[in-house]
Amino acid sequence: MYRFNRMSLSLADGIAEQLKCSVCLEEYRKPKLLRCYHSYCQDCIKQLLKRSEGTNVVKCPQCRTTMEVPDGNVEALESNFFINNILDIMEKNRRKKTYLERSIVCIACELRGENDSATKCETCDMPLCFSCLQKHNHKDALPQTVPYGTSSASKVCIEHAEEKTIYCRDCKEIFCKECILQYHSKDDCIEVKKALKTHRRVIDWLLVRCKVKMLNFTEEMKKVQVMEDMVAKSAHDTKLSIDEHFQKLAKALEKKRIELKAGVDSLKNEKMKQIVFQKENLSTTTSSLATAIDFTEQTMEEGNEKELLLMKTKICDRLEELSEIKVEKCSEVWWHFYLHSVDVSEFLSEFRVQSDTVRATVSLAGGEEGVLYNTFVNQCHGFVITLKDKDGIQVRIGGQDVRVSIRVPSHNDDNPPTSSFEHEYDEATSQSGQYEDIKVQDNNDGTHSFKYKPKRQGDYYLQVTVNAKPLSGNLMWKVQGPLGIGEKAKELGCAQIQAPYGMAPSWHHSVVGGKYSWKIKRVSYNEYAVVRVGVMMDFTSDKWGWCNGRREEPDPSPYSLPEHPPSNIPTWEEGEVLVFYSNEETGKFIIYKETTKQSDVFQRCPGTVARPYLYPASYQSFSMDKKFERKLIKMEENKKTEELSN
């Protein structure tokens, strides 16, 4: 009997469902591979090619990957040998099933089931067992006779009836030895096993790269899935928060409604008491008037002359008393009630749902939003990143991934030293020309802050990313040389702050830019000492600043004495730092106290035309750059030593 496994037939039927072309929905016929490794029937690809309108470009129906077919020759595309092998196996199983059902026997030996018909003649299309195939006289068909399960790309050369064992690297095809000798160069040929070994290494390497890439995509897919879950959870939690908030709001409104109505009742009762009292007074007075009028009229009509004369005095006194009573008139608005409320539309507009951050601003702490002021060497400044939504409204929650890097100016940048100490500052910066990662603090209110202390002059660049998206815009600020006090700093070519008198033209030569900021630390405190600090005009002596807890600014009227209103910064204690911001473009001058975050803002300040002033201009009272000041002290000591030695 012909041995046939019915379970394998059932499995083959299941596989057959997976071997259908997704275009024609039928079993593959001459399957061809596209560059995306999806397979379609040869005729189906031709139909897809006709839709390209002469461009010879095929778009995969499954993944939309495009592929150009050279000269529109679909037959030249690579065949899917894997599918062809499976199709051959399926064909073999179908033939076996047919033989079993129809009792078809080997044509040569007419024996059923004793010798499995595992081969066929491609020309005769007759089932033959292996022993009968050797006696088959169809010589012309012998080269095409292949075992079942072999792909249409025959392993036997049709022309020379030899097995194909040589691979041509130029043609990228497999040939027999005779074909190689006749048509190909030996230098481009190699045995199949050696060629497979070489190609396998390349394929294995590419396969490893693809597997690594697959892992990367899998990890990103997991992150996207987590993000999807987080978005869904965030939306769900936000809806619950909205419900909870409005439930509380509804309860509060209901409570307020009851309170207001109770208040109305209270006012009503109070006013009703007054009305009842007034009504009783009016009723009593009216009754008295009616009684007096009736008695007088009755006496005059019915009484005799003697009685009238005797009663005249009493009647007149009573009538005069009643006529003098004043009538209390009721106010026209005395009865009116009204509800004092807020604008509901404006109240409801404060409720909003915010999503991703779409833009952000970087500012110096205490300065104008979005302004990066020029600063000075060795002065540590705080920075604030403010996140906003698409409507320009600040985000009120934290949790964003904010990262900051700062590019330190390199020695090759065009930053000529402005003082004799500049080279020493250069030596202190080992990471010049590179980006430094800065630690950022999340304030959980839509702002993030960080601090940075520049150690050399030059242009510093900020690189800010919010949730992996870079912040656009020119995030650059200039750092200038050290800042000192008085003539000593001037002699060394540094920017200096002088007392609020005389002229200081060197400030305008040393400071560059219309937006600059500096810091002053108070190192000694005397409650009786007068301290003045701010900016001033040399030619007009107009000042904008702080003096012992009061503001100093020019009076707009030239005929009145300047007034000094109280400052928002009442005191400046020992160890506390004031930060000063001057912006020539906006005309704003700001004094900011770091510890209490109090500030004074002055308008219409002339920017770089005004110079800073400080009184008393002494290092014994104030400090701005400790390193620079130590150098000055050492320099003074060396000078005194030289004088003593001389």
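In what order do the five strands of the open sheet lie? The legends below concern a predicted model, in which local features need pLDDT of at least 70, side-chain atom pairs count only at pLDDT 80 or more, and totals for chains, interfaces and linings use all residues. Residues are numbered from 1 along each chain as its sequence is written, and side-chain values use heavy atoms, without hydrogens and water.

**View A. The open sheet.** The order is E28-E27-E26-E22-E30, with antiparallel pairing. Strands (E, at least two residues) and helices (H or I, at least four) are DSSP runs numbered from the N terminus, and two strands pair if DSSP finds at least two bridges between them. Strand E28 (598-602) and strand E30 (622-623) are the edge strands, each pairing on one side only.

**View B. The pairing of E26 with E27.** Six bridges join strand E26 (residues 577-583) to strand E27 (residues 588-593) in the antiparallel sense. Valine 579 has tyrosine 592 of E27 as its bridge partner.

**View C. A nonpolar surface patch.** Ile242, Phe246, Val342, Val344, Phe347, Leu348 and Phe351 form this patch, with about 600 Å² of accessible area together (Shrake-Rupley method, 1.4 Å probe, only the protein chains shown counting as cover). Helix H8 (344-349) supplies the largest share, three residues. Valine 342 lies in the loop between helix H7 (305-323) and H8.

Conventions. Patch = residues over 30% accessible without salt bridge, like charges linked within 9 Å, V, L, I, M, F, W, Y side chains within 5 Å. Salt bridge = Lys/Arg side-chain N within 4 Å of Asp/Glu carboxyl O.
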